[in-house]
Amino acid sequence: MANIPNITRRRLLGTIAAAPLLGPAIGRAQQARPATRAIPSSGEAVPLVGLGSWITFNVGNDRAARDASAEVMRNFFLAGGRLIDSSPMYGSAQEVIGYGLKKFGRPANLFAADKVWIADGEAGRAQIEKSRQLWGIPRFDLMQVHNLLSWQAHLPTLFAMKAAGQLRYVGITTSHGRRHGEMEQIMASQPLDFVQLTYNFIDREVEQRLLPLARERGIAVIVNRPFQQGSLLRRLERHPLPPWAAEIDCSSWAQFALKFIISHPAVTCVIPATTRVDHVRENMGAASGRLPDQAMRARMAAFVDRL
Amino acid sequence: MSEWWTYGPRDLLMFSAQTYYRLFERYNLDLWPLQILALVLGAAVLVLWWRDGDRAGRAIAVILAVCWLWVAWGFHWQRYASINLAGSYFALAFVVQALLLLWLGVVRGRLTPVPATRLQQRAGLVLFLFALLIFPLMGPLLGRSWTQAEVFGMAPDPTALATLGILLFAGARPVWGLFPIPVAWCLISGATLWAMESPDFAVVPLAALLAVLLAVGGALMVAWSKRSSR
């Protein structure tokens with residue numbers, strides 16, 4: 001279990017390089033590094049908690065809201081975060097991420113994850129290029145086929161881009177528990193680096209086949225919708241946090257929910273989205289301290305089931 | 001999108017309620033005091049209806065067409081499209097409605113005002129006054145900021161509702177070709193507000209459905225009275 005911070009030379013150099021751009025608080029952030037887990041296909045370590053952008057970063061051209069999103073990103077990086085995930089489907093989110101990266105500077109160790117989401121396979125490269133320009137980065141680290149849309153057409157393109165050094169990793173995504181059968185077939189037949197899927201206290205179907213298959217095939221797993229778009233947290237927050245949550249260093253229901261997810265051995269990273277600085281700090285806190293073992297995970301799941 | 005039938009409005013909602021209402025706030029602040037002109041245009045519709053006559057009906061249609069065009073450009077295209085991928089399609093639909101108003105209301109003269117003697121005509125008048133005067137107050141009454149008020153002629157919901165009201169009271173018989181787009185918008189808007197858990201999500205779709213029921217009921221009553229008088 002990856003509850004010990006894993007500081008690679010590459011990541012340390014990246015953080016040091018980004019420090020002047022991230023302001024004086026960087027020193028404090030370095031004191032609390034998030035735990036990491038290795039991407040199976042490369043061994044590269046990524047923090048267990050990333051940052052999603054669905055809904056939260058789609059604020060259009062609202063300058064004040066863009067500044068607030070940039071502040072969330074800044075605090076995410078200060079807390080040791082690296083992986084940000086977006087999609088052309090998320091409205092203005094890519095542009096807002098680009099705004100934040102330009103405003104505070106792009107950390108050298110940024111892990112940029114995006115998606116291709118277009119039915120026409122021929123148009124995939126152009127869409128990826130447009131996304132790259134919106135982010136304002138030289139290349140994406142991870143490019144995923146969004147919701148398996150035209151995956152037969154897009155995957156060869158993505159693998160070719162990876163071979164040409166235009167991407168580092170290739171993946172596929174689904175959400176809301178849809179199309180698991182098809183995802184399983186693709187995972188079994190294609191040399192994927194990543195899959196992205198929904199996993200939380202309520203949506204646990206992936207424990208049956210997809211997560212074990214990811215481990216077996218050496219595929220990294222990004223988890224979306226950890227709070228069921230907030231509805232799970234609203235439900236949990238009607239009850240007091242159990243005192244034994246302190247045994248795994250949880251101080252909030254959000255951390256309780258995130259620690260359950262990232263303690264699954266197949267999970268590489270969870271990507272909660274938020275508009276609030278205090279929440280991004282709280283979320284990053286889930287990647288620190290003790291993680292639940294199997295017995296504790298069962299206890300957590302049973303407790304939530306009873307609520 | 002495969003398995004599209006398994007997606008509900010909450011799965012498709014791609015922005016927060018905060019972002020949505022901030023859109024109106026910035027819109028109102030950027031364009032103030034255009035809201036007063038919009039309300040004057042709404043009052044002009046009432047005056048024209050009161051004056052009666054074929055030219056008044058055509059003038060009402062022009063005012064409505066201008067409002068629909070403005071909402072298409074100023075709201076949907078310039079603002080809503082920045083947070084909703086469907087925003088440009090909504091803009092297109094609003095332009096089509098403006099063209100239909102010009103064709104059926106101005107060229108064909110189908111919105112000639114008549115005295116509000118029947119139930120649906122009175123209800124239409126009430127719906128128009130609701131859209132013009134009460135609707136902008138709803139947000140503030142529910143705790144949202146005054147600056148987020150949705151005003152006839154500028155915001156899509158009160159413009160669609162006011163149009164449906166006018167379609168009920170202006171014209172000797174319903175102009176069915178002018179109903180689909182406002183009704184469709186009211187249903188889409190209701191679904192959006194429901195997905196955002198806004199407490200007033202039911203107001204606009206229910207008012208639109210009521211307008212359709214009244215129009216259909218009125219048309220049936222007219223047909224029945226004509227048949228019985230033969």
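1. Two strands are taken as paired if DSSP finds at least two bridges between them, and helices (H or I, at least four residues) and strands (E, at least two) are DSSP runs numbered from the N terminus. This is a predicted model, in which local features need pLDDT of at least 70 and side-chain atom pairs count only at pLDDT 80 or more, whereas totals for chains, interfaces and linings use all residues. Residues are numbered from 1 along each chain as its sequence is written, while chains are lettered from A and ligands numbered from 1 in the order in which they are written.

2. Chain A holds twelve helices and nine strands. Of its 307 residues, 49% count as buried, a residue being buried if 20 or more other C-beta atoms lie within 10 Å of its own, exposed if 12 or fewer, and partly exposed in between, with C-beta atoms placed from the backbone. Among the contacts in chain A with a separation of 6 or more, 79% come from residues 24 or more positions apart, where contact means that the C-beta atoms of two residues, placed from the backbone, lie within 7 Å.

3. Seven strands of chain A form an open sheet with parallel pairing, in the order S3-S4-S5-S6-S7-S8-S9. Strand S3 (83-85) and strand S9 (269-270) of chain A stand at the edges with a single partner strand each, so one side of each is left without a neighbour in the sheet. In general, strands of a sheet pair through backbone hydrogen bonds, either parallel or antiparallel.

4. Within this sheet, strand S4 (residues 111-116) of chain A runs parallel to strand S5 (residues 140-145) of chain A and is joined to it by four bridges, with A:Val116 standing opposite A:Val145 in S5(A). Helix H5 (residues 124-135) of chain A lies across S4 and S5 of chain A and runs at about 145 degrees to S4(A); for such values, axes are lines fitted to C-alpha atoms, for helices over the stretch in contact, and angles run from 0 to 180 degrees between N-to-C directions.

5. Strand S7 (residues 194-198) of chain A is joined to S8(A) by five bridges, and the two run parallel; here A:Phe194 stands opposite A:Ala220 in S8(A). Strand S8 (residues 220-224) of chain A is mostly covered, with five of its five residues buried. Both of its faces are covered, A:Ala220, A:Ile222 and A:Asn224 being buried on one side and A:Val221 and A:Val223 on the other.

6. Helix H3 (residues 63-78) and helix H4 (residues 93-104) of chain A pack with their axes 9 Å apart, at an angle of about 65 degrees. H3(A) and H4(A) are therefore roughly perpendicular to each other, given that angles under 35 degrees count as roughly parallel, over 145 as roughly antiparallel, 65 to 115 as roughly perpendicular and the rest as oblique. The contact involves A:Arg66, A:Ser69, A:Ala70, A:Met73 and A:Arg74 of H3(A), together with A:Val96, A:Tyr99, A:Gly100, A:Lys103 and A:Phe104 of H4(A). By class, the contact of H3(A) with H4(A) has five nonpolar, two polar and three charged residues, where Ala, Val, Leu, Ile, Met, Phe, Trp, Tyr, Cys and Pro count as nonpolar, Asp, Glu, Lys and Arg as charged, and the others, Gly among them, as polar.

7. In chain B, the axes of helix H8 (residues 180-195) and helix H9 (residues 203-229) come within 8 Å and cross at roughly 155 degrees, and H8(B) and H9(B) are therefore roughly antiparallel to each other. B:Pro182, B:Val183, B:Cys186, B:Leu187, B:Ser189 and B:Gly190 in H8(B) meet B:Val204, B:Pro205, B:Ala208 and B:Val212 in H9(B). The contact of H8(B) with H9(B) divides into eight nonpolar, two polar and no charged residues.

8. Some backbone details deserve a look. The peptide bond from B:Trp32 to B:Pro33 is cis, with omega near 10 degrees, and B:Pro33 lies in the loop between H2 and helix H3 (34-51) of chain B. A:Arg179, although not a glycine, has a positive phi of about 55 degrees; A:Arg179 is found in the loop between strand S6 (167-173) and helix H7 (180-189) of chain A and is buried, with 20 other C-beta atoms within 10 Å. A:Asp249 also has a positive phi, near 60 degrees, but with 15 C-beta neighbours inside 10 Å A:Asp249 counts as partly exposed.
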